[in-house]
Amino acid sequence: FPFPYTPYRIQEQFMEALYGALEAGRVGIFESPTGTGKSLSLICGALSWLRDWEEKRRQEEARLLALGAGGKDGLTPQQTRPGSADMAGDPDWVTAFVQKKEERDMVDRLKEEQIRRKKREDHLEKIRHNVQLKYAAKRKRCEEDEAKRLLQLSKEALSQGAGEGVPDQLDHNEEELILAEYESDDEKKVVSGLEEDDDDLEEEHVTKIYYCSRTHSQLSQFVREVQKSPFGKDTRLVSLGSRQNLCVNEEVRRLGALQLINDRCMEMQKNKHERKSDEENEGKKRRVSRTVCPFYSYEQMQFLRDEILVEVKDIEQLVSLGRETKACPYYGSRFAIPAAQLVVLPYQMLLHEPTRNAAGIKLKDQVVVIDEAHNLIDTITCIHSAEVSGSQLCCAHSQLSQYMERYRKRLKAKNLMYIKQILYLLERFVAMLGGNVNQNPGCQAVSQTGTVLKSINDFLFQSQIDNINLFKVQRYCEKSLISRKLFGFVERYGGPASAVKTNKENQKLAGLQNFILTLQQGSDKEGDPPMEAEHDHLRTASPLMQIEGFLSALTNANQDGRVILNRQGTVGQSSLKFLLLNPAVHFAKVVEECRAVIIAGGTMQPVADFREQLLCCAGVDPARVVEFSCGHVIPPENILPIILCSGPSSQQLEFTYQTRDLPQMMDETGRILCNLCNVIPGGVVCFFPSYEYEKQVYGHWEKTGLLSRLAAKKKIFQEPKKANQVEQVLVEYAKCIKRCSQTRGQMTGALLLSVVGGKMSEGINFSDDLGRCVIMVGMPYPNIKSPELQEKMTWLDKTMPRAAGQAPSRVLTENLCMKAVNQSIGRAIRHQKDFASILLLDHRYARPAIFNKLPQWIRERTQVKPAFGSAFAELRK
């Protein structure tokens, strides 16, 4: 395997196992602790396989082509001997003839493919070396811009002379709010796609690797690793992202919410296609000219596509190139997919089928690598779950009825029918929450508060909407872009926010606006809890968009999900939530279509979850699953994991819901920390099971004076609840540790109180002095009272076999707990020379079932200490 430096032995093993899994078309679960160069092993292992695979195919093609060239003159005499017939009863010269024809066709196809590939490779090579081409493209762009500017100026000059045009019954901005005549798919097959140069678009997808991770920063980091790797020069890599990340049209970007950006973009494209047909119907009354995106230019996007394929770029580089070349990076990157060898993309895009199809991602016979996959099951569940609040439902109902009233005369029958269906659905949903859609949701109290779970079918029957075809309504919403039109309508008439228009328009609008203001329910004013204020601009955007997500969730199979009715205080605060119970249904497609799937992460323990809940349920043959787990690169003496069963005053450590609030438990925890902070240099990170418990303990220590004792040795930091403050706390924490290590005074560093599953337990590295000791207080079991978890547990007990005498629900809570622990404690060791101690405070960690769920490299070195004295001695050493 080509590698930028001499690989560790475990990296070699990782790459060998990966190569084997890809070659055999397996589903692999790969665990390689952080700090062992996992990304680099993935890149070098997978791309080596891809290179060899392409080489094999080339040889195979060459062999067939050579054969084809040799044996084209027809059949050899011995095959034409009549009389001999094969098993099927056909004379064998017939079979031979058919075989030959198939071979000939194949040879022709191979030739075509080869020519096409050659053309593409030559084209990219030319771009790589030809500066002239780039300048030509740039010059053409400048000319076009100039021509556009002059045209605009002359239009303005003309219109000033002409005075006011003949007023239409609606002004032209409003024209685009009206729904076009809708015909459903059954009545007409829509032909879409770019008209120009279609053969170029239907490019064949070469065998490729799709690499996905959770966040854009993780993806950018991965792309930088590829750039550094031996494959950086000659790999065709494309980074995909959402329009939010890739759109370069400032006007559209400003909309902020992803759904609005998407809709606006689609609408501009539609305008582009409509404009073409408008120009053909020049004779008829010209429709208003609508905005078309200046970056959506076919030649420029082709130019961008080639630039992407020539050289590896991350998202930031892609966006700046798009700005510079006036080409859309979002579509430019999509055009590059067929020819790319490595496609880097966020989870959601790959795991959500509609998004996958929209992006033009074809998984047939391709390889998928899912990195940072420890949360894969939760991620799939999240992507496919949806929630809508009572105030959103009422708001959407009010907006849509006003829209229907205003444009009733202009809407066609089909449109009216669907709008009425949607209004009916909204009305029934609010009724299910115990409210009336025509009253202010903030003022209607709910009689029976609490949470109820229903199966999808029960929910449809009880809300009396089982006679409506949700699939058709969903398709209508997609095709007619109704939420986008509604947003435009509300933007225009929706209240004081939009009243800042020019004076002339204001007079026209004042009357209607006042009318709508009287209609608009006070949902935005009084009834909302203050915490929702920050979402205000999104909520008023168009609640219909959220609701469409909920409608599509209701089209899942009955046994795979539940609807949660959450009735709180008022109808406005209540909500309907769809919960997906069986993530495997959405993962099955991926596993079936792909040649191989690799699920990789730093800590994948416990692995059983993936095997049972994801792969078995998705119908994967157990023989196809391979597991690989490697140790760490650090020497054994660099890590000291201890399970501590009792504290300095011999108080047994057991942090259950019943015992953890006892003052003596909180005192004992404080004493342990005081002792540790006396001997541990640098940073100590202490994880609590929840924000509430952390606050409680902190308050208790303040009262007993323990906090000031701790603060004498370490400056104390607390994990903030708001995500935007995390960065600042971490910077301060790091600064303090650095200062202490330089001054060598009484203060030896800092203590960070964090929360499991909070902002600090994932993706943040406490390397070197930032984390010399990680402490885990108690066991972070999930909240067993949450109705969602209870439903999931019931579902597992019904559908899964008992494993080793334990109920699947029990295994689930244990696994969730240990996954969280493993994520948190793995943060301390980040590279080969790093060292740290890990302290698990709770005697229950020593139970075999729990102990065995620790990552292998930690488990092998863990000591169980019944008393504090010997543990402290080890730590001191």
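On a 1 Å grid over the protein atoms alone, a cavity is a set of points where a 1.4 Å probe fits but cannot get out, and its lining residues have an atom within 4 Å of a point. Grid points are joined across faces, edges and corners, and a volume is the space filled by probe spheres set on the points.

The model is predicted, so local features need pLDDT of at least 70 and side-chain atom pairs count only at pLDDT 80 or more, while totals for chains, interfaces and linings use all residues. Residues are numbered from 1 along each chain as its sequence is written, and side-chain values use heavy atoms, with hydrogens and water left out.

By this rule there are seven cavities of 30 Å³ or more. Begin with the largest cavity, which holds about 140 Å³ of space, and select Cys247, Asn249, Cys265, Cys293 and Cys328, which lie nearest its centre among the 14 lining residues. Next colour helix 10 (258–280) and helix 13 (329–335), the elements that each give two or more residues to this lining; helices (H or I, at least four residues) and strands (E, at least two) are DSSP runs, numbered from the N terminus. Helix 10 gives the most, with three residues.

Then move to the second largest cavity, with a volume of about 60 Å³, and select its lining: Leu42, Ile43, Ala46, Leu47, Ile209, Tyr211, Phe222, Leu342 and Val369.

Conventions: 1 Å grid on protein atoms, 1.4 Å probe; cavity = no way out; pocket = protein on both sides within 12 Å on 5 of 7 lines; lining within 4 Å.
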